[in-house]
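Work through the exercises below with the structure open beside you. Each task is followed by a solution in steps.

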Amino acid sequence: MAHVPKTMAASAQAMALPLGRRGRQEEDRELVRLSQNGTEAAFEELVRRHQQRVFALVGGILRRQEDVEDVAQQVFLKAYLGIKRFDQRAAFSTWLYKIAVNECWDYLRKRKVRPLTYEADLSEEQVSKLDGLATADRPPENAAVRTEARELIQQLLAPLPEQDQQLLLLKEVEGFSVQELAEILKLNVNTVKVRLFRARGRMMESYRRRKARSAKTSALQAAVERKA
Amino acid sequence: MGSNPEFGNGACAGYEAHLEDFLDGALSGAEASKVSEHLKTCVGCRTALDEVRESARLLRAAEPAADPGLGFARVVMARVRATESEQSRQRARFWQPFVSVGWRFAATATLAIGALLTYGAGRARLLQPSGAFGRPTVVRDVFSAEVTTAQVNTDELLMPRAEMNHGNN
């Protein structure tokens with residue numbers, strides 16, 4: 001196995017160094033060139049650099065944590081097998097994310113499954129948690145609270161069309177930019193913005209509706225308890 | 001600009017993308033003031049923006065996907081190597097029937113050539129005069145006149161004469 005130059009064979013620590021987007025892209029370009037020449041270590045470095053974003057993207061589309069790792073592995077395997085044909089006209093990340101999106105669609109089609117949806121109504125407790133999150137000045141710092149918030153939000157998004165859910169999760173939770181989403185999903189930038197804005201509206205409408213339903217159920221339960 | 005009742009958010013259709021940018025803080029100074037001016041006069045856009053503001057807060061509270069850790073890259077590379085070796089095995093398997101047929105053909109051809117050579121050599125031996133009848137047989141035509149006289153050397157000519165003289169002596 002050929003050796004990656006010292007600057008490229010950066011360890012996880014070196015990767016954590018703050019790098020500008022352009023700087024990272026230049027490094028990616030060099031790593032891609034080395035990978036195209038058969039340097040496995042360079043490709044491994046590319047995997048390390050992009051694995052978190054690929055996980056986020058795949059997770060945002062499939063929303064089944066148990067399948068995310070398999071699909072993410074498949075994405076990198078396809079990238080490795082196709083890297084010699086990658087002409088570097090686009091950024092490596094954009095090319096990789098497109099592979100990831102296609103892999104997710106393939107996976108869903110082969111398995112004939114819809115991304116995971118929660119049909120259950122929100123409980124009164126869940127509604128009050130969501131209310132707290134919606135009015136908070138800043139996001140919660142506790143990881144456990146954030147994980148619970150993610151589950152609640154996925155429940156909230158469940159009745160929305162697939163693309164609304166994906167756009168909202170990828171943009172607001174996983175931090176993809178509008179430009180990136182437009183490239184990955186092959187949409188016009190303005191279209192992405194409009195869809196995002198409308199998706200937000202639908203999400204809040206779903207929230208209000210379920211909140212009202214939850215309040216109604218609670219009131220009914222209370223009435224039954226009183227009678228009993 | 002008309003509102004957008006189809007999607008129920010009440011915002012003006014031409015302002016939705018700007019409102020998304022406004023929410024995201026992605027508008028430049030001039031664009032931001034243009035949207036602000038519009039919001040002062042348009043109740044639909046103002047209401048829609050107020051409603052979706054909460055969505056950003058809610059969504060940003062969620063935990064993003066975790067980094068799978070260093071082990072993931074190793075697993076990927078192991079899968080890459082396994083796939084590569086499987087591919088090279090498949091390539092070998094693809095050519096194997098052709099190679100096998102080739103060897104069979106070569107073996108058959110060698111055997112056939114050997115058999116032909118053996119047969120040829122045997123036939124040639126049959127046609128060639130052997131040691132017992134080595135020299136060509138001279139068949140004399142008894143009815144034809146002797147036209148040639150056997151060549152004799154000096155010794156043969158002198159020997160009978162010498163024998164005759166010896167008898168006389």
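**Exercise 1. The fold of chain A**

Task: For contacts in chain A between residues at least 6 apart in sequence, find what share joins residues at least 24 apart. Then describe the secondary structure and burial of chain A.

Solution. The model is a predicted one.
- Step 1: Among contacts in chain A between residues at least 6 apart in sequence, 70% link residues at least 24 apart.
- Step 2: Chain A has 10 helices and zero strands. Read from the N terminus, its elements run α-α-α-α-α-α-α-α-α-α.
- Step 3: Chain A has 228 residues, of which 36% count as buried.

**Exercise 2. Confidence**

Task: State where confidence is lowest and where it is highest in chain A and in chain B.

Solution. 
- Step 1: Chain A has a mean pLDDT of 84, with 87% of its residues at 70 or more. For chain B the mean is 80, and 79% of its residues reach 70 or more.
- Step 2: Within chain A, the lowest confidence is in helix 1 (residues 12–15), at a mean of 40, and the highest is in helix 3, at 93. Over residues 6–18 of chain A, pLDDT stays under 50, and the model has 15 contacts beyond four places in sequence for them.
- Step 3: Within chain B, helix 5 (residues 154–168) is lowest, at a mean of 75, and helix 1 (residues 16–24) is highest, at 92.
- Step 4: For the model, ipTM is 0.75 and pTM is 0.68.

**Exercise 3. The side of chain A that touches chain B**

Task: Which element gives the largest share of the side of chain A that touches chain B?

Solution. 
- Step 1: Contact between the chains involves 43 residues of chain A and 34 residues of chain B.
- Step 2: Elements of chain A that give two or more residues to this side include helix 3, helix 4 (65–82) and helix 10 (189–227).
- Step 3: The largest share, 11 residues, comes from helix 10 of chain A.
- Step 4: By type, the residues of this side of chain A are 23 nonpolar, eight polar and 12 charged.

Definitions and conventions: Residues are numbered from 1 along each chain as its sequence is written. Chains are lettered from A and ligands numbered from 1 in the order in which they are written. This is a predicted model: local features need pLDDT of at least 70, side-chain atom pairs count only at pLDDT 80 or more; totals for chains, interfaces and linings use all residues. pLDDT is the predictor's confidence in each residue, from 0 to 100. Helices (H or I, at least four residues) and strands (E, at least two) are DSSP runs, numbered from the N terminus. Two residues are in contact if their C-beta atoms, placed from the backbone, lie within 7 Å. Ala, Val, Leu, Ile, Met, Phe, Trp, Tyr, Cys and Pro count as nonpolar, Asp, Glu, Lys and Arg as charged, and the others, Gly among them, as polar. A residue is buried if 20 or more other C-beta atoms lie within 10 Å of its own, exposed if 12 or fewer, and partly exposed in between; C-beta atoms are placed from the backbone.
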